[in-house]
Amino acid sequence: MTTARDISAPATSVQDALRQRIREIPDFPQEGVSFKDITPLMADPHTLSLAVRALADHARPLSAQRVIGAEARGFLLGPALALELGAGFVLARKPDRLPHSTVGVEYKLEYGTARLELHRDALPRGARVLVHDDLLATGGTARALCDLVESLGAQVVGCGFLIELAFLNGRARLAPHEAHALLSYDA
């Protein structure tokens, strides 16, 4: 198992500082996969703050009124990002976890399907919404979030991610919505 990259050298950019705090774990959760572990980044207040500010700096011109994130990893940075933007945060949850009337969407995973739900009154019609998640891989979860936002008559103004696994081409699945990731990995 590998450990986090050497973090003693000074970072030359925000991206370098963030990348230095992401631990890559080979062959997890299965052989051939290089898992990007963000827990060291999240545990360090400096890089956590850098990540939230950098996500917000890119999203600020979009004038989002709400940020939406999917359970559970979209809840990690999503609320802090919403606060930084002066926006509200909307929770997209797994089925049967929200107490009020819901609307939902099923989407395909690599090996099956999943479902996300929102409260029917979570987004005002016409609201400007930023879709957020920690990772853009195949784009299935983010596409489902876009579909949920639009089903309630709100507007997706962009999609923001901490990490993009560019080799999986998830960005294409989000078209025509703009997608931005702080860090991109090609393998």
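Start by selecting residues 45-59: that's helix 3, which has 15 residues and spans 21 Å from first C-alpha to last, close to the 21 Å expected at 1.5 Å a residue. (Helices are DSSP runs of H or I with at least four residues, strands are runs of E with at least two, and both are numbered from the N terminus; the expected span is 1.5 Å times one less than the number of residues.)

Before going on, some ground rules: this is a predicted model, in which local features need pLDDT of at least 70 and side-chain atom pairs count only at pLDDT 80 or more, while totals for chains, interfaces and linings use all residues. Residues are numbered from 1 along each chain as its sequence is written, and side-chain values use heavy atoms, with hydrogens and water left out.

Now colour the chain by pLDDT, the predictor's confidence in each residue from 0 to 100. The chain average is 92, and 94% of the residues score at least 70. Residues 1-9 stay under 50.

Back on helix 3, show the buried side chains, including Leu50, Val52 and Leu55. (Buried is under 20% relative accessible area, exposed over 50%, partly exposed in between, with a 1.4 Å probe and protein chains only.) The partners of these buried residues include helix 1 (14-20), helix 4 (74-85) and strand 8 (155-165), with contact meaning heavy atoms within 4.5 Å.

Next, pick Ile68, Leu118, Leu123, Val131, Cys159 and Phe161, the residues with the most contacts inside the largest nonpolar core, which has 30 residues. (Such a core is a set of buried Ala, Val, Leu, Ile, Met, Phe, Trp, Tyr and Cys residues joined through side-chain atoms within 4.5 Å.) Helix 5 gives the largest share of this core, six residues.

Which cysteine sulfur is nearest to that of Cys146? It's the one of Cys159, 3.8 Å away, and Cys146 is in no disulfide; a disulfide needs two cysteine sulfur atoms within 2.5 Å. Cys146 counts as buried at 0% relative accessibility, and Cys159 does at 3%.

Last stop: the aromatic pairs, of which the whole structure has two. (Rings of Phe, Tyr and Trp, the latter by its six-membered ring, pair if their centres lie within 6.5 Å; planes under 30 degrees apart are stacked, over 60 edge-to-face, the rest tilted.) Phe28 and Phe35 are edge-to-face, 5.3 Å centre to centre with 85° between the planes. Phe75 and Phe89 are edge-to-face, with centres 5.9 Å apart and planes at 85°. Phe75 sits in helix 4 and Phe89 in strand 4, so this pair ties together parts 14 residues apart in sequence.
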